[in-house]
Each structure stands twice: as structure tokens, then as C-alpha cells.
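Here are a few exercises to work through with the structure open beside you. Try each task yourself before you read its solution.

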Amino acid sequence: SAGNHNELWGDIAYWASKGQYKMPTAADMKKLHNEVHKIAGVYTTPDGKKVWGELFTTILPGESRKTITAAIELTDADLESGLFLPKGGRRYNKDSSSLINAVSTQGTYRTSTYLKVMGNYHIAAYYHIDASNGAKLYDNGVAGGSDANSAYGATAGYLVRPILAE
């Protein structure tokens with residue numbers, strides 16, 4: 001019944017993939033943010049284009065968690081070893097144009113978790129990688145991101161990175 005899938009209403013990844021994938025929740029992104037290695041990097045495509053982003057890899061037994069904020073050159077093998085989130089830019093929901101801001105310097109990823117209404121906006125929790133390769137989960141308390149505001153509302157053009165639905 002629909003009552004069993006309330007968290008999936010509006011989840012474009014879930015419906016487009018016929019239930020194979022879904023949008024990550026803020027809790028999923030918090031786990032990614034806190035429980036893996038985070039490595040800033042740049043990958044050069046075979047045709048010479050540079051893609052800036054952050055690589056997340058599993059911490060193996062005996063390893064200490066590492067965070068590298070000075071971008072390193074990434075290889076195909078690096079990309080195969082974990083999850084690479086490109087800095088694909090973003091736009092504000094207050095911007096009526098179709099311009100994408102901050103390509104190669106910021107990556108802002110949508111979650112399926114919606115927060116309380118702020119003014120006339122429903123604020124979606126999101127994960128933001130900034131120009132200095134710092135990253136923060138803006139989710140109104142799950143990871144301390146209480147500074148989400150109406151410029152980052154439900155209609156802002158953020159990136160989508162679906163995960164497997166279990």
C-alpha cells in the first residue's frame with residue numbers, strides 16, 4: 001500500500017528505476033561523511049577534460065581514517081575503489097535563470113530528507129563539498145547543519161546521486 005512507502009513519494013530515482021535505486025537520506029549521507037576516507041581529487045578523462053570532486057573509500061581494518069583536502073590526481077583504479085562525487089555545481093532556487101554556478105568548485109548533493117518549513121520554503125537536507133574541499137551535511141541537527149536556509153530550498157538545482165534500494 002502507499003502508506004508503506006511514504007518516504008519514497010517524490011523520489012525520482014526510485015520511480016525512474018522501478019524501485020532499484022532511491023535517493024539517500026540525510027542519515028545515509030551522514031554515514032558517508034563520517035565513516036570513510038575522504039580524498040579531494042581531480043580526474044582527467046581520456047579526452048583531456050578535468051573533473052574535480054571528492055573520492056570516498058572504505059576504511060580497511062588497521063587503517064586510520066584519512067581526509068585529504070589538497071586535490072590529488074585520480075586514476076581509473078582510484079575511481080573503481082570507491083565513490084567519486086564530482087563538483088558539478090549548483091544553482092539557487094531564488095535564481096530564475098538556468099545558470100549553473102560553481103562548476104568544478106562546489107558539489108551539492110540532494111537527499112530525500114526534508115526539514116521543517118522555514119518561511120515559505122520546505123528545506124531539503126543536502127551534502128555540500130565546497131571550494132576548499134571541506135564538506136558538510138546540512139540537515140538541521142543530524143550533523144549540526146542548522147544553517148540551511150531558503151536559498152537552498154526544494155527547487156534549487158542540486159546534484160542527485162542515487163543509492164541501491166534495499
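**Exercise 1. Find out how many helices and strands the protein has, and write down their order.**

Step 1. In this predicted model, count the elements: the protein has three helices and nine strands.

Step 2. Now read from the N terminus, and the elements follow one another as α-β-α-β-β-β-α-β-β-β-β-β.

Step 3. The protein has 166 residues, and 35% of them count as buried. Its accessible surface is about 9400 Å², with 54% of that belonging to carbon and sulfur atoms. If you take contacts between residues at least 6 apart in sequence, 59% of them join residues at least 24 apart.

**Exercise 2. Work out the strand order of the open sheet formed by four strands, and say which strands stand at its edges.**

Step 1. Go across the open sheet strand by strand: the order is β4-β2-β3-β5, and the pairing is mixed.

Step 2. Look for strands with a single partner.

Step 3. Check the twist, which averages 30 degrees from one strand to the next.

**Exercise 3. Describe how β3 pairs with β2 and with β5.**

Step 1. Start with β2 and β3, which run antiparallel and are joined by nine bridges. These two strands form a hairpin with five residues between them, and Gly48 in the turn has a positive phi of about 90 degrees.

Step 2. Turn to β5. Four bridges join this strand to β3 (residues 50-58), and the two run antiparallel.

Step 3. Next to that, Gly53 has Pro86 in β5 as its bridge partner.

**Exercise 4. Locate helix α2 and the largest nonpolar core.**

Step 1. Find helix α2 (residues 26-34), which lies across β2 (36-44), β3 and β5 and runs at about 85 degrees to β2.

Step 2. List the core. Its nine residues are Met29, Leu32, Val36, Phe56, Leu85, Tyr109, Tyr127, Ile129 and Leu137. The elements giving two or more residues to this core are α2 and β7 (121-129).

Step 3. Look for another core apart from this one: it has five residues, including Ile39, Tyr43, Leu74 and Phe84.

Step 4. Zoom in on Leu85. Setting aside neighbours within four places in sequence, Leu85 is in contact with Leu32, Gly53, Glu54, Phe56, Tyr109, Ile129 and Arg161.

**Exercise 5. Which residue forms a salt bridge with Asp47, and are the two partners buried or exposed?**

Step 1. The structure holds one salt bridge. In it, Asp47 pairs with Lys49, and their closest N and O atoms are 3.2 Å apart.

Step 2. Compare with the cut-off: a residue counts as exposed when its relative accessible area is over 50%.

Step 3. Asp47 has a relative accessible area of 55%, so this residue is exposed. Lys49 is at 52%, so it counts as exposed too.

Technical notes:
Residues numbered from 1 in each chain as written. Predicted model: local features only at pLDDT ≥ 70, side-chain atom pairs only at ≥ 80, totals over all residues. Heavy atoms only, no water. Buried < 20%, exposed > 50% of the residue type's maximum accessible area, 1.4 Å probe, protein only. Contact = heavy atoms within 4.5 Å. Areas by Shrake-Rupley, 256 points an atom, 1.4 Å probe, with all protein chains shown as cover. Pairing = 2+ DSSP bridges. Axes fitted to C-alpha atoms, helices over the stretch in contact; angles between N-to-C directions. Core = buried A, V, L, I, M, F, W, Y, C linked by side-chain atoms within 4.5 Å. Salt bridge = Lys/Arg side-chain N within 4 Å of Asp/Glu carboxyl O.
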